[in-house]
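Here is a short report for a reader meeting this structure for the first time. Look over the model, then read on.

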Amino acid sequence: MLNNIGPAGLILIAVVVLVLFGRGKIAGLMGEVGKGITAFKDGVKSPDPEIEDSSTTADASTARDVTPEERAERDNA
């Protein structure tokens with residue numbers, strides 16, 4: 001199906017997208033994509049020390065019960 005799209009078809013698709021979204025919207029979107037890629041690459045190169053440190057993770061003893069009151073009363077009955 002995609003093998004049938006030629007250069008003219010790609011140009012037509014680009015023009016339709018440009019008309020629908022506008023030049024400014026597409027430029028802003030590409031800027032956000034670029035920032036996301038940069039942030040991902042930085043995260044892969046130097047991981048956050050909080051993730052590496054196992055002492056910051058919560059264990060079962062520090063967990064708290066967040067069950068709504070109505071349900072807790074019904075379950076206890």
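## Surface and overall layout

The protein exposes about 7,500 Å². Carbon and sulfur atoms supply 62% of that area. Of its 77 residues, 0% count as buried.

This is a predicted model. Its pLDDT averages 77 for the protein, and 69% of the residues score at least 70. The fold holds four helices and zero strands. Along the sequence, the pattern reads α-α-α-α.

Helix H1 has the highest mean pLDDT among the elements of the protein, and helix H3 has the lowest.

| Helix | Residues | Mean pLDDT |
|---|---|---|
| H1 | 7-21 | 89 |
| H3 | 49-52 | 56 |

## Helix H1 and its surroundings

H1 has 15 residues. From first C-alpha to last, the helix reaches 21 Å. That is close to the 21 Å expected at 1.5 Å a residue.

How many of the 15 residues of H1 are buried? The count is zero, and the helix is hardly covered.

Just after H1 comes Gly-22, which takes a positive phi of about 85°.

A nonpolar patch lies on the surface. Its members are Ile-5, Leu-10, Leu-12, Ile-13, Val-16, Val-17, Leu-20 and Phe-21. Together they have about 760 Å² of accessible area.

A search of the whole structure finds one salt bridge. Which side chains meet in it? They belong to Lys-35 and Glu-32, with an N to O distance of 3.8 Å. Side chains of opposite charge can pair when their charged atoms come close.

Both residues lie in helix H2, which covers residues 23-45. Lys-35 and Glu-32 are three residues apart there, so about one helical turn separates them. An α-helix has 3.6 residues a turn, so residues three or four places apart point the same way.

Lys-35 counts as exposed, because its relative accessibility is 56%. The cut-off for exposed is over 50%.

Note on methods. Residues are numbered from 1 along each chain as its sequence is written. This is a predicted model: local features need pLDDT of at least 70, side-chain atom pairs count only at pLDDT 80 or more; totals for chains, interfaces and linings use all residues. Side-chain values use heavy atoms; hydrogens and water are left out. Helices (H or I, at least four residues) and strands (E, at least two) are DSSP runs, numbered from the N terminus. The expected span of a helix is 1.5 Å times one less than its number of residues. Buried means under 20% relative accessible area, exposed over 50%, partly exposed in between (1.4 Å probe, protein chains only). Accessible areas come from the Shrake-Rupley method with a 1.4 Å probe; for residues, only the protein chains shown count as cover. Patches are made of residues with over 30% relative accessible area and no salt bridge: like charges are joined within 9 Å, nonpolar side chains (Val, Leu, Ile, Met, Phe, Trp, Tyr) within 5 Å. A salt bridge is a side-chain nitrogen of Lys or Arg within 4 Å of a carboxyl oxygen of Asp or Glu. pLDDT is the predictor's confidence in each residue, from 0 to 100.
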